[in-house]
Amino acid sequence: MKHLAILGSTGSIGRSTLSIVESYPERFAVASLAAGRNVDTAHQQCLRWRPHVVSMATEELAADLRRRLRQDGLTTTEVVWGSEGTVCVATLPEVDFVVSAIVGVAGLEATYAAVQAGKTIGLANKEAMVAAGEILTAAAREKNVALLPIDSEHNAIHQCMRAGQRNEVRQIWLTASGGPFRTLPIEKFDSITVEEALHHPTWVMGQRITIDSATLLNKGLEIIEACRLFDLPPSAIKVIVHPQSTVHSLVEYVDGSLLAQISVTDMRLPILYALSYPERIPSDLRFDMTALSDLHFEPPDLERFPCLRLAYEAAEKGGAHPIALNAADEIAVEAFLKRAIPFTGIPATIEQVLETTPETHPATIKEVLAADRQARELAREVLAGREAHYRC
Ligand SMILES: NC(=O)c1ccc[n+]([C@@H]2O[C@H](COP(=O)([O-])OP(=O)(O)OC[C@H]3O[C@@H](n4cnc5c(N)ncnc54)[C@H](OP(=O)(O)O)[C@@H]3O)[C@@H](O)[C@H]2O)c1
């Protein structure tokens with residue numbers, strides 16, 4: 001039996017993880033949960049799963065949840081809050097597997113604490129890897145902790161890598177759906193609406209990752225995540241657009257063989273793989289082979305999607321640049337969702353922030369978080385100028 005901590009339990013990955021636990025009660029149990037602001041869902045999850053500990057983002061939200069649980073007669077669940085609360089959830093002695101699925105850099109501290117505490121990690125929170133991948137992988141090596149990717153592309157690479165040695169890999173190919181604007185004429189990008197950008201053609205996900213998939217910044221973050229997870233330089237990570245999202249990614253070996261992972265477009269599969277690794281266990285997530293009759297691949301268009309170019313540049317520079325790439329994007333996506341900037345304002349903001357990002361190399365989580373705060377402030381300044389410009 002594996003006892004899980006689920007960080008981001010109320011989100012898309014968190015809920016898919018709980019549906020896997022529901023399907024395999026003899027294998028997985030919930031030990032602790034961490035959520036952000038969604039008290040209603042956290043409340044329902046506590047009643048269903050009766051975790052030892054649950055964390056909410058703020059003291060007020062935690063008090064609200066505690067009151068509701070007491071009214072329901074559930075006194076065995078401790079309610080904590082804030083980043084300390086999330087760390088407590090991730091490092092609980094009863095936990096042996098942590099699903100890291102908080103969105104953004106907010107998930108970093110708890111993921112690092114879980115590695116330090118020797119927990120196996122199922123990693124969905126790519127932003128943690130982008131901001132502090134070198135620190136996380138070094139700590140995982142030192143503690144002999146497995147970092148198992150849940151992101152579907154990295155999960156596919158992890159599976160394909162089991163067929164060969166690391167020094168036999170020539171390069172890897174990350175597939176990208178291309179998002180909803182793959183074929184939209186570039187002159188129409190300025191008038192893309194929030195609703196259009198939130199309509200992903202193949203995946204149902206949280207808001208930030210959906211917008212990131214539309215700008216292809218998500219693929220950019222995945223390039224950096226792949227460099228860190230698989231210890232490869234950015235030049236060995238290629239992106240290929242594949243609108244059907246059927247081939248989840250490929251590994252190219254030195255002899256010219258390409259191995260691909262193919263499965264249904266359903267995040268429960270990579271979650272199940274990570275939870276059950278190194279075993280494979282039966283599931284009903286079957287693939288319809290006739291779907292292979294219509295597969296399309298094309299190179300990405302860097303003019304249409306400048307975020308991809310910016311991510312490669314940040315990956316090459318390393319240090320504070322990937323941190324700034326992620327932080328600036330988080331702030332710019334927020335502004336786009338509030339309709340304060342157009343879709344094209346997202347890459348423009350990131351580019352401006354990266355131009356002024358210092359050539360520093362944060363070496364601790366504290367330094368990473370400081371660089372992240374600095375980049376956010378910079379992004380807010382850039383946005384204040386841009387919003388004034390867009391209002392004119
Ligand atoms: N969804 C996918 O298919 C997918 C695929 C690959 C990778 N990922 C990655 O997985 C992560 C989660 O994505 P998602 O789509 O599941 O996002 P989501 O649906 O937006 O969920 C985000 C989760 O993070 C929680 N959260 C946000 N801020 C928090 C804070 N300060 N403290 C504690 N919890 C906080 C949210 O809580 P509340 O809702 O309670 O506020 C929610 O549980 C992201 O890093 C994403 O890039 C997702």
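In which crossing, left-handed or right-handed, does α10 pass α12? The legends below take the views in turn, and the answer is given under View 1.

This is a predicted model, in which local features need pLDDT of at least 70, side-chain atom pairs count only at pLDDT 80 or more, and totals for chains, interfaces and linings use all residues. Residues are numbered from 1 along each chain as its sequence is written.

**View 1. Packing of helix α10 (residues 217–230) on α12 (306–317).** Helices (H or I, at least four residues) and strands (E, at least two) are DSSP runs, numbered from the N terminus. α10 passes α12 in a right-handed crossing; a crossing is right-handed if the near helix is turned clockwise from the far one by less than a right angle, and left-handed if anticlockwise. The contact joins Leu217, Lys219, Gly220, Leu221, Ile223, Ile224 and Cys227 of α10 to Cys307, Leu308, Leu310, Ala311, Tyr312 and Ala315 of α12. Two residues are in contact if their C-beta atoms, placed from the backbone, lie within 7 Å. By class, the contact of α10 with α12 has 11 nonpolar, 1 polar and 1 charged residues. Here Ala, Val, Leu, Ile, Met, Phe, Trp, Tyr, Cys and Pro count as nonpolar, Asp, Glu, Lys and Arg as charged, and the others, Gly among them, as polar. The angle between α10 and α12 is about 25 degrees, and their axes are 7 Å apart. Axes are lines fitted to C-alpha atoms, for helices over the stretch in contact, and angles run from 0 to 180 degrees between N-to-C directions. The two helices, α10 and α12, are therefore roughly parallel to each other. Angles under 35 degrees count as roughly parallel, over 145 as roughly antiparallel, 65 to 115 as roughly perpendicular and the rest as oblique.

**View 2. Packing of α6 (residues 126–143) on α10.** The axes of α6 and α10 lie 9 Å apart, at an angle of about 20 degrees. α6 and α10 are therefore roughly parallel to each other, and α6 passes α10 in a left-handed crossing. On the α6 side the contact residues are Lys126, Glu127, Met129, Val130, Gly133, Glu134 and Thr137, and on the α10 side Leu221, Glu222, Ile224, Glu225, Arg228 and Leu229. This contact of α6 with α10 has 5 nonpolar, 2 polar and 6 charged residues.

**View 3. Packing of α9 (207–215) on α10.** α9 and α10 pack at an angle of about 95 degrees, with axes 5 Å apart. That makes α9 roughly perpendicular to α10. Ile209, Asp212, Ser213 and Thr215 of α9 meet Leu217, Asn218 and Leu221 of α10. The contact of α9 with α10 divides into 3 nonpolar, 3 polar and 1 charged residues.

**View 4. Domain 1 and domain 2.** The protein is divided into domain 1 (2–149), domain 2 (152–265 + 287–315) and domain 3 (318–392), with bounds that come from an automatic or database domain assignment. The C-alpha centres of domain 1 and domain 2 lie 27 Å apart. Their contact takes 14 residues from domain 1 and 13 residues from domain 2. On the side of domain 1 that touches domain 2, α6 and β7 (147–149) each supply at least two residues, and α6 gives the most, with 7 residues. That side of domain 1 has 6 nonpolar, 5 polar and 3 charged residues.

**View 5. The shell around the ligand.** Of the 29 residues around the ligand, Gly11, Gly36, Asn38, Met205 and Gly206 come nearest. A residue is near a molecule or strand if its C-beta atom, placed from the backbone, lies within 6 Å of it. The elements that give two or more residues to this shell are α1 (12–23), α6 and α9; α1 gives the most, with 3 residues. By class, the shell has 13 nonpolar, 12 polar and 4 charged residues. Domain 1 and domain 2 both give residues to the shell around the ligand, so it lies between them.

View 6. Most residues other than glycine have a negative phi, and most peptide bonds are trans. The peptide bond from Tyr277 to Pro278 is cis, with omega near 5 degrees. Pro278 is in the loop between α11 (268–276) and α12. Ser245 is not a glycine, yet has a positive phi of about 50 degrees; Ser245 is found in the loop between β9 (237–241) and β10 (247–253).
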